[in-house]
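Hello,

Please find the structure for your review below. My notes on what was found in it follow.

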Amino acid sequence: MNLEEYYKQYLKLHKNKNCRRMHVLGQLVTLSFVIAVCVAAFIYSSKYIILLLITPFIVYPFAWFGHFYFEKNKPAAFTEPIKAKICDWKMLYDIIKGKIKL
């Protein structure tokens, strides 16, 4: 399955607006974390850069809560973590563009 086909399946797992909101919240927290780590590395010490290794995992508690509590389904990251991560950002982009409603 190519990424475009996968994205269509991915969106079927994200029909609930509250689930999508949890994903957006998680991505905003992720972006804030990256900015904070970069600022800390610049101001204090470059050793803080190592914290960026956990960046891909920050969104998961938010997204998984959305799936388990609102969607009542299994997150896509359980089966295709890389494609799911790409589709997370694609969905955020589509939300920002207004293609997907919150």
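**K72 and the loop**

K72 lies in the loop between helix 3 and helix 4; helices here are DSSP runs of H or I of at least four residues, strands are runs of E of at least two, and both are numbered from the N terminus. The model is predicted, so local features need pLDDT of at least 70 and side-chain atom pairs count only at pLDDT 80 or more, whereas totals for chains, interfaces and linings use all residues. Residues are numbered from 1 along each chain as its sequence is written, and side-chain values use heavy atoms, with hydrogens and water left out.

K72 is not a glycine, yet has a positive phi of about 60°. Most residues other than glycine have a negative phi. K72 is also exposed, at a relative accessible area of 63% (exposed is over 50%, buried under 20%, partly exposed in between, with a 1.4 Å probe and protein chains only).

**Overall**

The protein chain has four helices and zero strands, in the order α-α-α-α from the N terminus. Of its 102 residues, 35% are buried. Its C-alpha atoms fill a box of roughly 45 × 25 × 25 Å along the principal axes.

**Helix 1 against helix 4**

Helix 1 (residues 3-12) and helix 4 (residues 81-97) pack at about 70°, with axes 10 Å apart. That makes helix 1 roughly perpendicular to helix 4 (65 to 115 degrees; under 35 is roughly parallel, over 145 roughly antiparallel, the rest oblique). Axes are lines fitted to C-alpha atoms, for helices over the stretch in contact, and angles run from 0 to 180 degrees between N-to-C directions.

From helix 1, L3, Y6, Y7, Y10 and L11 meet K83, A84, I86, C87, D88, K90, M91 and D94 of helix 4, where contact means heavy atoms within 4.5 Å. The residues of this contact are nine nonpolar, no polar and four charged (nonpolar: Ala, Val, Leu, Ile, Met, Phe, Trp, Tyr, Cys and Pro; charged: Asp, Glu, Lys and Arg; polar: the others, Gly among them).

**The cavity**

The structure holds one cavity of 30 Å³ or more, meaning a set of points on a 1 Å grid over the protein atoms alone where a 1.4 Å probe fits but cannot get out; lining residues have an atom within 4 Å of a point. The largest cavity has a volume of about 70 Å³, which is the space filled by probe spheres set on the points, joined across faces, edges and corners. Its lining includes Y10, H14, H23, W64 and D88. Helix 3 gives the most to this lining, with four residues.

Regards

Conventions. 1 Å grid on protein atoms, 1.4 Å probe; cavity = no way out; pocket = protein on both sides within 12 Å on 5 of 7 lines; lining within 4 Å.
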